[in-house]
Amino acid sequence: MYGERSPIWDSDARGVFFGLSLATEKADLIRAIMEGAAYGLRHNVETAAAGGFTMNRLACVGGGARSEVWNQIKADVLGRPVYLPRAATGAPMGDAIVAAVGAGLYPDLPAAVAAMVATGSEFHPRPEFAARYDALYAIYVSLYPRLREAFAELAQAPYD
């Protein structure tokens with residue numbers, strides 16, 4: 001809602017609902033927000049993979065990680081497992097892991113993560129949902145290039 005960051009980097013971009021019909025209900029809009037965020041996550045994961053960084057599963061932390069529905073959507077959209085650490089402290093845990101490696105307590109980051117992070121709930125992609133999300137992902141990725149010029153025009157429009 002404040003512009004798009006990684007991987008698009010366009011401060012003029014805005015959120016859109018696409019594909020609404022008279023049958024669309026409030027619950028559909030809420031789910032669409034979760035699906036859009038999951039597609040954005042997939043876009044980042046694929047961009048990282050294109051740069052040589054691969055990821056087989058994803059750990060989710062923070063407030064959104066409390067939603068089983070959202071975690072399952074992420075697993076289905078990504079086509080890979082999503083897990084929740086038992087202690088979902090987020091950035092402070094990452095800081096502690098890096099500090100432990102820097103202090104010589106572990107030889108490298110993978111060893112520190114294995115020793116310091118206990119896995120809680122796991123969400124695995126469901127093939128029937130993953131296939132549908134795969135088919136729709138191409139539409140998701142195609143929307144920004146089609147809307148880029150409109151976003152720039154909207155950013156220049158006068159507001160009262």
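This is a predicted model: local features need pLDDT of at least 70, side-chain atom pairs count only at pLDDT 80 or more; totals for chains, interfaces and linings use all residues.
The whole structure contains 4 salt bridges. One of them joins the side chains of Arg31 and Glu35, at 3.1 Å from N to O. Arg31 and Glu35 are 4 residues apart in helix H1, and so about one helical turn separates them. Arg31 is partly exposed, with a relative accessible area of 30%.

A salt bridge of 2.8 Å, N to O, connects the side chains of Asp134 and Arg42. Asp134 belongs to helix H5 (residues 127-156) and Arg42 to helix H1, so this pair ties together parts that lie 92 residues apart in sequence. Asp134 is partly exposed at 42% relative accessibility. Arg42 is buried, with a relative accessible area of 12%.

The side chains of Asp76 and Arg126 also form a salt bridge, at 2.5 Å from N to O. This pair links distant parts of the chain, 50 residues apart: Asp76 sits in helix H2 (residues 68-78), and Arg126 in the loop between strand S3 (119-123) and H5. Asp76 counts as buried, at 0% relative accessibility. Arg126 counts as partly exposed, at 27%. Elsewhere, salt bridges with shared partners join Arg42, Glu46 and Asp134 into one network.

Helices H3 (residues 91-102) and H4 (residues 109-116) pack with their axes 9 Å apart, at an angle of about 125°. H3 is therefore oblique to H4. The crossing of H3 past H4 is right-handed.

Phe18 lies in the segment before helix H1 (26-50). Phe18 counts as exposed, at 58% relative accessibility.

Key:
Residues are numbered from 1 along each chain as its sequence is written. Side-chain values use heavy atoms; hydrogens and water are left out. Helices (H or I, at least four residues) and strands (E, at least two) are DSSP runs, numbered from the N terminus. Buried means under 20% relative accessible area, exposed over 50%, partly exposed in between (1.4 Å probe, protein chains only). Axes are lines fitted to C-alpha atoms, for helices over the stretch in contact, and angles run from 0 to 180 degrees between N-to-C directions. Angles under 35 degrees count as roughly parallel, over 145 as roughly antiparallel, 65 to 115 as roughly perpendicular and the rest as oblique. A crossing is left-handed if the near helix is turned anticlockwise from the far one by less than a right angle, and right-handed if clockwise.
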